[in-house]
Amino acid sequence: MTPKMLALVSLVAVLFSMTLFMMSSLPLLILKHDTPMDGRFIQAVFNLYYQAVFNLYYQAVMLTSVVAACSYALIGQPLVGVGLSLVAALAFGLRRWVTARMEFLRARIEAGEAAAIRKFRQLHGAGMAVNVAQLVSIVWSMTLFTR
């Protein structure tokens, strides 16, 4: 595989993982988390989604961003490489901080603390907002740097 093809494939993989996460986590923001049925659903989804898929999302973004950054640096577009390196660094930092915070809030939700639900939703929304901002910035930068 040529470096240009690897750059394109890895960039598509970054965009795909970000878009998939954004679309799959959106329904969880719609639920109010305050009825018993929503609460049971959120707990079940949390055990699968936030522990497995959430970590997998961050790992996928880190890996594909690093590969894309290196590929773009090899084909002579170091600014794109630096930008994608920043995406990988942000994913690394957020993975540690957000996952730890969500675990803390999950324990509070299970203990019946009402304020924890609001904080969980805020954290979830903020994580999605960062994801959307990264996605938009990557697409926007691709229109500028790949001409």
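Residues are numbered from 1 along each chain as its sequence is written, and side-chain values use heavy atoms, with hydrogens and water left out. As the model is a predicted one, local features need pLDDT of at least 70 and side-chain atom pairs count only at pLDDT 80 or more, while totals for chains, interfaces and linings use all residues.

Start with the inside. The largest nonpolar core has 29 residues, and the members that touch the most others are L11, M18, Y72, L84 and I138. Elements giving two or more residues to this core are α1, α2, α3 (78–110) and α4, and α3 gives the most, with eight. A core here is a set of buried Ala, Val, Leu, Ile, Met, Phe, Trp, Tyr and Cys residues joined through side-chain atoms within 4.5 Å. Buried stands for under 20% relative accessible area, exposed for over 50%, and partly exposed for what lies in between (1.4 Å probe, protein chains only). Helices are DSSP runs (H or I, at least four residues), as are strands (E, at least two), numbered from the N terminus.

Leaving aside neighbours within four places in sequence, M18 is in contact (heavy atoms within 4.5 Å) with Y57, V61, V87, N131, Q134, L135 and I138.

N131 counts as buried because its relative accessible area is 2%. The N131 side chain makes a polar contact with the side chain of Y57, at 2.6 Å. Such a contact is a pair of N or O atoms within 3.5 Å; within protein, one must be able to donate a hydrogen and the other to accept it, and residues adjacent in sequence count only if both atoms are side-chain atoms. Not counting residues up to four places away in sequence, N131 touches M18, F21, M22 and Y57.

Q134 is buried too, with a relative accessible area of 8%. With residues up to four places away in sequence again set aside, Q134 touches M18, Y57, V87 and L90. Between Q134 and L84 there are 9.7 Å from C-alpha to C-alpha, although the two are 50 residues apart in sequence.

M1, M5, L6, L8, V9, V12, L63 and V67 make a nonpolar surface patch of about 740 Å². Patches take residues with over 30% relative accessible area and no salt bridge, joining like charges within 9 Å and nonpolar side chains (Val, Leu, Ile, Met, Phe, Trp, Tyr) within 5 Å; the areas come from the Shrake-Rupley method with a 1.4 Å probe, and for residues only the protein chains shown count as cover. Both α1 (3–30) and α2 (36–74) supply at least two residues of the patch, with α1 giving the most, five. L8, in helix α1, counts as partly exposed because its relative accessibility is 46%. L8 and A68 are 60 residues apart in sequence but 7.7 Å apart in space, C-alpha to C-alpha. L63 lies in α2 and counts as exposed, at 57% relative accessibility.

Finally, charge pairing. A search of the whole structure turns up one salt bridge, meaning a side-chain nitrogen of Lys or Arg within 4 Å of a carboxyl oxygen of Asp or Glu. E113 and R108 form it, with their closest N and O atoms 3.6 Å apart. E113 is partly exposed at 33% relative accessibility, and R108 is partly exposed at 35%.
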